Amino acid sequence: MRILLRAPLTALWVALLSAVPASAAPGSGAYALIVAHNGGLDRTQAPLRYADDDGARYYELLAPRVREAVLLSVLDEETQVLHPGLAAQTRPPTRAALKEALTRLNARMAEDRARGERPVLYFVFAGHGKRGAAGEGAVSLLDGAFTRTDLFQGVLAPSKAAFIHLIVDACDSYYFVHSRGALPVGPAHAEVVKGLLATRELDRYPQVGVVLSTSTEQESHEWSAIRSGVFSHLVRSALTGAADVNADGRVEYSELHAFVAAASQGTEDVRGKLASFVRPPALDRSAVLADLGTRTALGYLLVPPGMEGRLWVEDSRGIRVAEFHKERERSLVLALPPGRGYFVRTRGREAAFAFAKAGAVVDAGGLEWRETTLASRGAVQDSLRDKLFSVPFGSRFYRGYVASLELPPVAPDEGPDLSP
């Protein structure tokens, strides 16, 4: 039986988080461009409710970890109340604003590369997507469609990033990155079209990794209980640290992929069922999506061995910032912004905590827990509440899932044995 030794375990994580060299962390030379838009591509698509919320939360997740974060969105009134002051830092999600942001970030990354650094770009989109008659996917900006051709020619091809993490939460998002079949053209134009498509194939960009909400012609779903897209909620939870299966303080693509699969495994009969697509950069299939050891202004919540089951963390605004189903045997660390209060919750119990300063580590096992109740929100909300995160995520699930997809696994957990 493993005995929980809180002080040594906390000291272990403090040492781990302070020992990672800044040069090894993606945040040391990383940038983020986040585009979020509630509007649709045509009249058949009803406006989304929470794409702007997802954009704001991606911004809050990534901004402390990168040199510059840009948010292109129009925040509705409720979102502005939840994120005071953020609207003043945003620009509308238009083609001109997107081009200007890319130009500025590419200039900064070119300077980084001239100094011998390897900058990273997070390009995140949350909103409506649609596949056209010719098979080309597009997402919605305020002033019209942004197509797969626009993505490859305007974002990927000119990028100065050594690695690009492309995260898209939109209907038909698979076709925003991948082509499907041949375009309907006559024989005389076949070679011209073939050459054009060759410049848009993902294989030509081995530095690009993709995280997509759908791998088929499928809708993405929002969850009103947490004011978020379901897929974006899982991705942010993973990047906060919940997907770090080997407790090395880093989240790789295979860990995020397995985490999303475990979290959504119980939702086959729910409208929020996920069919995500995750592909690491061909240049480095073990590329790191998130590094908790980055020297940033974050606090750390340690969920130690001995604690198990479905838990989630909400901040003082009532925003659910991370959720997971933890195995009893492993430890887990979440990286969270300080400066506000938090609650770690499970069914019927909660504990409040806050970080005294940036870099502080709070041990969830030592918190004062109290009984609480959760309100029901209706049939669909109950189904998502009960079935998302119904499968524990840990090394057992991860090993089987990664082996089934022939993904490169992370290094085994070599943490110390805390048994007496």
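This is a predicted model: local features need pLDDT of at least 70, side-chain atom pairs count only at pLDDT 80 or more; totals for chains, interfaces and linings use all residues.

Guide: Residues are numbered from 1 along each chain as its sequence is written, and side-chain values use heavy atoms, with hydrogens and water left out.

Visitor: In which strand is confidence highest?
Guide: pLDDT is the predictor's confidence in each residue, from 0 to 100, and the chain averages 80. Helices (H or I, at least four residues) and strands (E, at least two) are DSSP runs, numbered from the N terminus. Helix α7 (residues 190–198) has the lowest confidence, with a mean of 46. The highest, at 98, belongs to strand β2 (residues 68–72).

Visitor: How many contacts beyond four places in sequence does the model have for residues 18–27?
Guide: Contact means heavy atoms within 4.5 Å. Over residues 18–27 the pLDDT stays under 50. For this stretch, the contacts beyond four places in sequence number 19.

Visitor: Is H83 buried or exposed?
Guide: Buried means under 20% relative accessible area, exposed over 50%, and partly exposed in between (1.4 Å probe, protein chains only). H83 sits in the loop between α3 (77–82) and α4 (95–114). Beyond its neighbours within four places in sequence, H83 contacts A56, R57, E60, R317 and I319. Its relative accessible area is 2%, so H83 is buried.

Visitor: How are α9 and α11 oriented to each other?
Guide: Axes are lines fitted to C-alpha atoms, for helices over the stretch in contact, and angles run from 0 to 180 degrees between N-to-C directions. Angles under 35 degrees count as roughly parallel, over 145 as roughly antiparallel, 65 to 115 as roughly perpendicular and the rest as oblique. The axes of α9 (residues 253–264) and α11 (residues 395–405) come within 10 Å and cross at roughly 110°. The two helices, α9 and α11, are therefore roughly perpendicular.

Visitor: Which residues of α8 make the contact with α2?
Guide: The axes of α2 (residues 51–62) and α8 (residues 230–242) come within 11 Å and cross at roughly 5°, which means that α2 is roughly parallel to α8. From α2, the contact uses D54, R57, Y58 and L61. From α8, the residues are S232, V235, R236, L239 and T240.
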